[in-house]
Amino acid sequence: MADLSLKLCGLKLENPTILASGIMGTSRASMTYAIKNGAAAVTTKSISVEKRKGHPAPIIVTYAGGMLNSVGYSNPGIDNVADEFGDLQNAGAPVIGSLTGRDENDFAILAEKAAALDFEAIEIVLSCPHTPGYGTMAGLSTPEKTAAITQIVKQRCKKPLFVKLSPNVMGLVELAKAAEEAGADAITAVNTAGPGMIIDIKSRKPVLGGRIGGLSGDALRPIAVRCVYDIYEAVSIPIIGTGGIINGEHAAEMIMAGATALGIGSAVYYRGIDVFKKICLELEEFMESEGISSLAQMRGAAHEA
Amino acid sequence: MKHELPKMLKIERVIREAEGVHTLFLPYAGEVKAGQFVMLWVPGVDAKPAGISYHQDGCIGVTISAVGAWSKEVCGKKSGDLLGLLGPYGNSFELIGENVVLVGGGYGAATLMLLAEEACRRSLKTTLILGARSEAALLYRTRIKAMKLDAIFTTDDGSFGEKGFVTDILQRKLQSEKVDGVYVCGPEIMEKRCAEICLAAEVPSQISLERHMKCGFGVCGACCIDHSGRRVCVEGTIFSGADLLQTHEFGRYRRDSSATKQPFA
């Protein structure tokens, strides 16, 4: 039997699949539901300083090539999540708290407050492509900002820190290096691509309530694989490969690019909430057919020796 | 890859059901199951779920009460105007046995109408208990009159039918005869009371649950219920009453668009 278990920055994972931020993740129950369905860890929907209602619907639209989302960071705000995320010991798997801010000050507040919550790790999002005032739209995807915010969060919260990066920048490798040097424990690569837009030609209006949305699913996968491949060459901290992983073969591909763990998001739409179990089963089958006994044996296999 | 963009459909006709309540008919050739919903998109405004209240002549009907920005926009639409449709989504009611009771409160009547028609088509002994604030707010009275079922109306103010609550009628009904299944849609406090009455009488109940929904197809997590995490838009909207009574939030609170808990009054 192939062994799918691993350790990620001290977190014990039964398999490499992690529920990516933004899919489900609204409440403790929405995450334990993913855990029951095979997710080895789960990430909350991103939490901001203030309460946010998010964008009007449709917030997710699917087309032949993938999915566009424009959730708009709906969340109750960091001061109101203790009730939801204060006691996660019995969640069944590690819960990663995703934090999103507009600037260094926001992230300082979020980090201090998240330190008191029950998250086993923190992920900071510097890379949302579609929400004004946040992520790439706030200019957070520069090496300087990445380093500064990583440091600020790391100083205030001692939990393992994952930095989620955008595929929509030149010099992604520089961002990953900046995060590593500033104290990041892992890189989550990548956030959604784009942003993109789909226009309904009868009403002549963009379909998404937020007009523009981050691209995920099939269309994102080759971009995500390339990003993970490049980052793996440049940093020594683990990478959570995220973007368009829908089946076990995609999972193997991402691991061969250099990923230690895998973020799973859009696949919940394509294959149901039990997609975590399905991907693990398929990955295991692939490993057995290839005579691979552990994930470490496969990790980064696509790179030249 | 599976995908679905909103279908922009020309409204075939609009009928007035009550003050501020309209049914819009949209062409739809596919299958519809009783209890399912659609997401209705008003371009540039919002998309929200709506129960399917009619399925006839190649159309589905959705009954909307004009209360907020989105519903006022929908209710302002005329025949020939365009409306975006996603779905139908969700599971459906399953009729069990020979003697069934449908209980609707307020706009909950909309979600029960296809089930009432199905029960009549199958020649089941069918009782429909509908309650509303007043006579003016009672929906589908003419339509129900044409159905082969026993209809009992209640109003809070006694302006039509019995003065009182549908739950009292349901309790009497379950005490007086053997009922095989109870089907409920209405305000959540009423739904919870119905579930309790059915559980005590050992009659299975199926309840349509309403939650804030954003995507409608199980991805956004807005409608996950505590503590099971089940998604109302995919594993629901119809749940067994006995199951719902086990859930933490049924009749207690729901989450708003920021996922903040809002208690029921």
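What follows is a walk through the chains, then the pockets, then the cavities.

A word before you click: this is a predicted model, in which local features need pLDDT of at least 70, side-chain atom pairs count only at pLDDT 80 or more, and totals for chains, interfaces and linings use all residues. Residues are numbered from 1 along each chain as its sequence is written, chains are lettered from A and ligands numbered from 1 in the order in which they are written, and side-chain values use heavy atoms, with hydrogens and water left out.

**Stop 1: chain A.** Select chain A and colour by secondary structure: there are 10 helices and 16 strands (DSSP runs numbered from the N terminus, helices being H or I with at least four residues, strands E with at least two). Its radius of gyration is 18 Å, close to the 19 Å from the globule rule for 305 residues, so chain A is as compact as a globular protein of that length (the radius is taken over C-alpha atoms, and the rule is 2.2 Å times the number of residues to the power 0.38). Along the principal axes, the C-alpha atoms of chain A fill a box of roughly 50 × 50 × 40 Å. Of the 305 residues in chain A, 62% are buried (under 20% relative accessible area, with a 1.4 Å probe and protein chains only).

**Stop 2: chain B.** Now colour residues 7-89 and 99-263 of chain B separately; these are domain 1 and domain 2 (bounds from an automatic or database domain assignment). Their C-alpha centres lie 20 Å apart. Where they meet, 18 residues of domain 1 of chain B are in contact with 19 residues of domain 2 of chain B (heavy atoms within 4.5 Å).

Stop 3: On a 1 Å grid over the protein atoms alone, a pocket is an open set of points with protein on both sides within 12 Å along at least five of seven lines, a cavity is a set where a 1.4 Å probe fits but cannot get out, and lining residues have an atom within 4 Å of a point. Points are joined across faces, edges and corners, and a volume is the space filled by probe spheres set on them. Both domains of chain B give residues to the lining of the largest pocket, so it lies between them. Helix 5 of chain B gives the largest share, five residues.

Next, pick A:Pro56, B:Asp46, B:Lys48, B:His212 and B:Ser257, the nearest to the centre of the second largest pocket among its 13 lining residues. About 230 Å³ of space lies there.

**Stop 4: the cavities.** How many cavities of 30 Å³ or more does a search of the whole structure find? There are five. The largest cavity has a volume of about 480 Å³; select A:Ser21, A:Gly22, A:Asn69, A:Lys164 and A:Thr192, the closest to its centre of the 34 lining residues. Strand 6 (66-69) and strand 16 (261-264) of chain A each give two or more residues to that lining.

Last, the second largest cavity holds about 60 Å³ of space. Residues lining it include A:Ile18, A:Leu19, A:Glu123 and A:Lys164.

Terms used: Buried means under 20% relative accessible area, exposed over 50%, partly exposed in between (1.4 Å probe, protein chains only).
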